[in-house]
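Me: I'd like to learn how to read helix packing and strand pairing in a model. Could you walk me through it?

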Amino acid sequence: MNETTAVNATSTTDLKSLGGKYLTFALGTEEYGLGILKVQEIIGMMTVTRVPRIPDFVRGVINLRGRVIPVVDLRLKFNLEAQEDTERTCIIVVQVMRAENRVTMGLIVDEVSEVLYIEAGQIEPPPSFGSSIRTDFILGMGKVGNKVVMLLDVDKVLSTDEVNAIGQVV
Amino acid sequence: MGMQALVEPVERLAELLVMADTTDLRALADVHSSLQAIEELARNAQEPSLAGILSAAAVLTEQIILEEVDDPQKALEDLSRVVANIQALVRDNRQTRDFLWPKSLNFGKTDVEISEETTSEDSTSTDLAKERISPPPEELTADPRHGEDAKPVSSRYLEGDPALLGEFVIEAIEHLEAADINLVNLETDTENDDALNAVFRAFHTIKGVAGFLALEDVQLVAHQAENLLDLARKHKIVLAGVVMDVTFDAVDMLKRLVASVKSVLESGGTLPVVPEIPALVARIKAAAEGKPVTSPQPTASIVAKPGENLGDTLVNAGRVTSQAIDEALSEQRAVNKHKPLGELLVEQGKTIPTQVNTALEIQRNNPELGKVGAILAEMGAVDPKDVQLALQQQQHLAPGPKMGELLVSSGNAEAKDVAQALRSQMNLQQSAAQQLREAVKVDAGRLDHLVDMIGELVIAESMVSQSMELKSIMPPELARSMAQLDKITRELQEMGTSLRMVPIRATFQKMARLVRDLARKSGKQVEFVTCGEDTELDKTVVDKIGDPLVHMVRNSVDHGIEASAEERIRAGKPAVGRVELRAFHKGGSIYVEIQDDGQGLNREDILAKALDRGLVREGEVLSDRDVWNLIFEPGLSTAKAVTDVSGRGVGMDVVKRNIEALRGQVEIHSEPGRGTVFSIRLPLTLAIIDGMVVRVGKERYIIPTLSIVMSIRPELRQLSTVVKRGEMVEIQGNLVPLFRLARLFSVESAIEDIQEGIVVIVEDEGRRTGLLVDEILGEQQIVIKSLGEALQGTQGIAGGAIMPDGQVGLILDVGGLVKLASGEKISPVCLETD
């Protein structure tokens with residue numbers, strides 16, 4: 001459970017350019033994908049220090065080889081019900097663009113599945129549910145075999161406002 | 001002709017070199033002076049190109065001495081090779097055309113054919129060294145007649161290797177800063193050859209490097225300045241007054257040019273055309289040409305040569321009329337060398353010119369009566385104490401009456417800054433020849449990384465040595481090794497922390513220049529004193545303390561010190577204002593203080609202003625400390641007039657913010673009529689603090705030990721509630737608000753009964769607050785880590801730290817916590833009760 005390359009990639013909403021490698025992971029029954037270039041590494045669950053007075057979906061901070069980084073519970077972020085950590089619970093360390101800066105963060109997911117190559121042709125635009133459900137952080141829906149992978153735009157999942165908010169909400 | 005005369009000295013030089021070692025500075029210095037002597041000989045022997053080679057070799061030696069070369073050993077070898085070649089050359093009386101110049105040396109300045117004698121991997125210099133540069137090395141001759149025409153600059157693009165340019169920018173900035181400092185020194189101590197040479201060398205090096213990087217503007221200005229300095233070195237002119245100003249201007253111009261090179265390097269584009277250069281060059285030339293030989297003035301015996309030169313240069317520079325010079329000259333002729341004392345006394349308003357003249361008259365008629373000061377005191381014209389003072393000041397003036405002084409006293413020139421700088425120099429002089437600390441330059445990022453890694457190592461080491469499994473099987477041999485490892489790790493940690501520490505000297509020295517400029521601008525006389533320049537601070541602090549200090553020093557000079565000397569004398573203070581900057585250690589903190597002996601803060605003015613701005617309410621009772629702290633509020637300036645320097649009310653709030661960002665605090669002590677002290681308290685290091693680890697529920701927090709006053713287990717009688725909401729604890733007769741950390745941070749399963757817990761009394765800006773925690777786990781040194789951009793600024797949390805078990809612990813921000821806590825309370829209610 002370790003180490004993949006970490007470079008920042010530009011994300012565009014152009015479906016054609018979406019083909020590529022994705023790290024897929026599970027949250028409950030749903031399957032999600034993260035552009036491989038956004039992922040710095042995957043680490044096992046470790047003790048998270050709770051930080052007071054920040055939004056609930058931020059579980060706290062961890063010590064990543066001497067650096068202190070915040071970790072976000074994606075379940076809470078996506079309004080799924082909270083769940084006890086299991087042996088398969090992982091932290092995916094990603095690089096998020098915040099304004100001009102690159103911020104390192106951890107995402108807590110139920111389980112990491114695999115790295116998939118998804119062709120541009122297999123990707124469909126995100127569905128529209130009207131204004132009731134936000135889908136702007138979904139780049140597209142990848143169809144792999146008989147399952148559907150929601151490809152996340154991690155910069156938007158933790159949108160600039162929210163990343164800022166993590167620091168400012170009292 | 002003449003080559004024969006060189007043989008012997010060159011042989012001796014070769015011998016010296018054989019003995020020399022890169023670390024043997026004395027031997028290298030001998031080599032250097034020997035090279036220079038031979039260069040002189042070569043020049044006299046009409047061998048300019050050989051002189052050029054020798055000069056280049058001397059520069060190389062200098063660089064080895066100053067550790068400016070990457071590989072001193074190799075540079076020394078190269079130098080030996082050069083000298084061997086010179087030896088052969090001189091012995092056989094050959095032409096310099098045949099001279100073999102090691103390819104690895106980047107002194108393309110000689111007009112000799114460069115042969116590829118050595119193969120070097122030093123790629124940066126290869127291209128330069130290959131270039132054959134002719135005509136002969138005008139920049140090495142330092143002759144003002146050469147190459148001083150402001151040639152139109154053809155190319156405005158940067159041509160040099162970006163890496164070399166980058167290095168040049170860094171070095172040039174260092175050189176220029178050093179030059180500034182040395183110039184300030186020189187202003188009083190014109191005889192200070194070390195400083196003079198250092199300034200000369202700064203210009204010389206910049207010019208040389210700019211030359212082969214094709215930075216023509218830089219080269220031109222540096223070249224002119226170098227010529228001027230060379231004349232000063234040869235005692236043909238005196239570096240004072242206007243000549244000094246011109247030199248300062250040249251330094252400023254170079255700084256500007258280097259800055260534009262830097263910005264082009266960083267963001268591309270072309271170098272801007274600087275229209276002021278020709279004018280500056282003309283001024284430098286004018287200053288340089290003030291030679292006695294060209295002077296039409298009769299050299300009367302009383303007129304000291306330096307004085308005459310200065311006068312000429314002043315006129316040439318267009319600073320004063322020749323009439324003024326004539327007046328001053330005749331005055332200078334009329335008095336003897338004791339005159340400056342009278343001048344000083346008049347200047348200080350201690351006496352009037354007629355009294356001095358009378359005294360002089362008496363003295364002239366009765367030589368046996370002794371000194372003017374004594375006569376004046378005898379006459380009752382001045383207080384003997386003032387004479388003492390003036391005499392002391394006189395000591396710091398360069399010997400002999402100077403044109404600058406006379407011009408000042410006649411009100412013709414702006415040499416007030418001379419007098420001012422004289423005083424500021426008094427202190428700088430103590431730190432003597434300003435030994436420029438040379439050190440290996442390391443990228444700050446790498447250093448931080450190293451310090452981080454050391455921190456990691458320390459934690460990893462303690463994890464291993466504390467391991468229970470290991471302890472149970474520990475054989476004695478391993479135990480010894482572990483102890484050894486532990487010791488080494490600790491030493492490494494100490495070393496790591498000290499790596500980031502740098503003396504505050506450079507920052508203080510910048511202030512000296514600032515005070516000089518400010519005092520001049522505002523027409524005040526200010527003596528600037530620094531002490532404790534060697535106090536070491538974390539590099540980040542030294543970098544960031546600069547701006548706040550600039551603001552505060554400005555404040556002190558601009559509206560701390562009284563507007564005029566008369567005002568000061570009326571208040572019974574010396575005419576010359578005094579601003580002192582000091583740094584020292586005290587109680588685990590570093591203090592930086594700025595003290596002036598000016599008028600002090602005006603309580604009424606500040607209160608009126610604050611009332612105006614709605615910062616305080618009518619009738620509110622405020623302590624002095626509260627009032628002084630008001631000046632840190634945005635938009636509050638009590639300066640009567642908005643000046644160029646300060647008084648716009650921007651600044652002090654920023655100062656406070658900057659200092660707080662460094663985890664420091666500012667305090668003000670002020671006495672009306674006596675002056676003001678700004679005292680900045682800073683933590684010893686940004687990286688490591690002592691912390692008290694406390695437990696609340698299942699969470700651990702770290703409270704910086706410095707903010708803890710005490711901790712107590714409260715008894716019932718000490719506790720009281722205010723309107724059933726605010727809790728108070730009585731400490732030594734004072735009621736202190738009590739906050740439950742568990743409630744502030746919504747921690748579960750923490751104790752509810754106050755008497756079972758511990759109250760930690762913390763202090764922030766003089767406000768005491770009690771924090772209720774479950775228990776105190778212990779005290780330890782912790783390395784502060786930022787919580788990362790995303791969580792930066794979480795209220796009540798200053799940062800994180802890696803605990804010995806590898807987890808993250810949170811460090812409490814006491815100030816923020818107190819604000820957070822009191823923001824939640826209904827404060828008006830609290831005010832009612834006691």
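Me: Which residue in strand 8 of chain A does Y22(A) stand opposite?

Reply: Y22(A) stands opposite L116(A). Before going on, note that this is a predicted model, in which local features need pLDDT of at least 70, side-chain atom pairs count only at pLDDT 80 or more, and totals for chains, interfaces and linings use all residues. Residues are numbered from 1 along each chain as its sequence is written, chains are lettered from A and ligands numbered from 1 in the order in which they are written, and side-chain values use heavy atoms, leaving out hydrogens and water.

Me: How many bridges join strand 1 and strand 8 of chain A, and in which sense do they pair?

Reply: Strands are DSSP runs of E of at least two residues, helices are runs of H or I of at least four, and both are numbered from the N terminus. Two strands pair if DSSP finds at least two bridges between them. Strand 1 (residues 20–27) and strand 8 of chain A have 7 bridges in the antiparallel sense. They belong to an open sheet of 6 strands with mixed pairing, in the order 8-1-2-11-10-9 (chain A). Its edge strands, each pairing on one side only, are strand 8 (111–118) and strand 9 (123–124) of chain A.

Me: What is the strand order of the open sheet in chain B?

Reply: That order is 10-14-15-13-12-11, again 6 strands with mixed pairing. Strand 10 (708–712) and strand 11 (719–722) of chain B are the edges, each with pairing on one side only. On average, neighbouring strands here are turned by 35 degrees against each other, direction ignored. Strand 11 of chain B pairs with strand 12 (residues 726–731) of chain B over 4 bridges, in the antiparallel sense, and S720(B) stands opposite M728(B) in strand 12.

Me: Now helices. At what angle do helix 3 and helix 4 of chain B cross?

Reply: Axes are lines fitted to C-alpha atoms, for helices over the stretch in contact, and angles run from 0 to 180 degrees between N-to-C directions. Helix 3 (residues 48–65) and helix 4 (residues 72–92) of chain B cross at roughly 160 degrees, their axes coming within 10 Å. That makes helix 3 of chain B roughly antiparallel to helix 4 of chain B (under 35 degrees counts as roughly parallel, over 145 as roughly antiparallel, 65 to 115 as roughly perpendicular and the rest as oblique). Their crossing is left-handed, meaning that the near helix is turned anticlockwise from the far one by less than a right angle; clockwise would be right-handed.

Me: Which residues make that contact?

Reply: Contact means heavy atoms within 4.5 Å. Among them are L50(B), I53(B), L54(B) and A57(B) of helix 3 of chain B, with A75(B), L76(B) and L79(B) of helix 4 of chain B. An α-helix has 3.6 residues a turn, so residues three or four places apart point the same way.

Me: What about helix 20 and helix 22 of chain B?

Reply: Helix 20 (residues 444–465) and helix 22 (residues 476–499) of chain B pack at about 155 degrees, with axes 9 Å apart. The crossing of helix 20 and helix 22 of chain B is left-handed.
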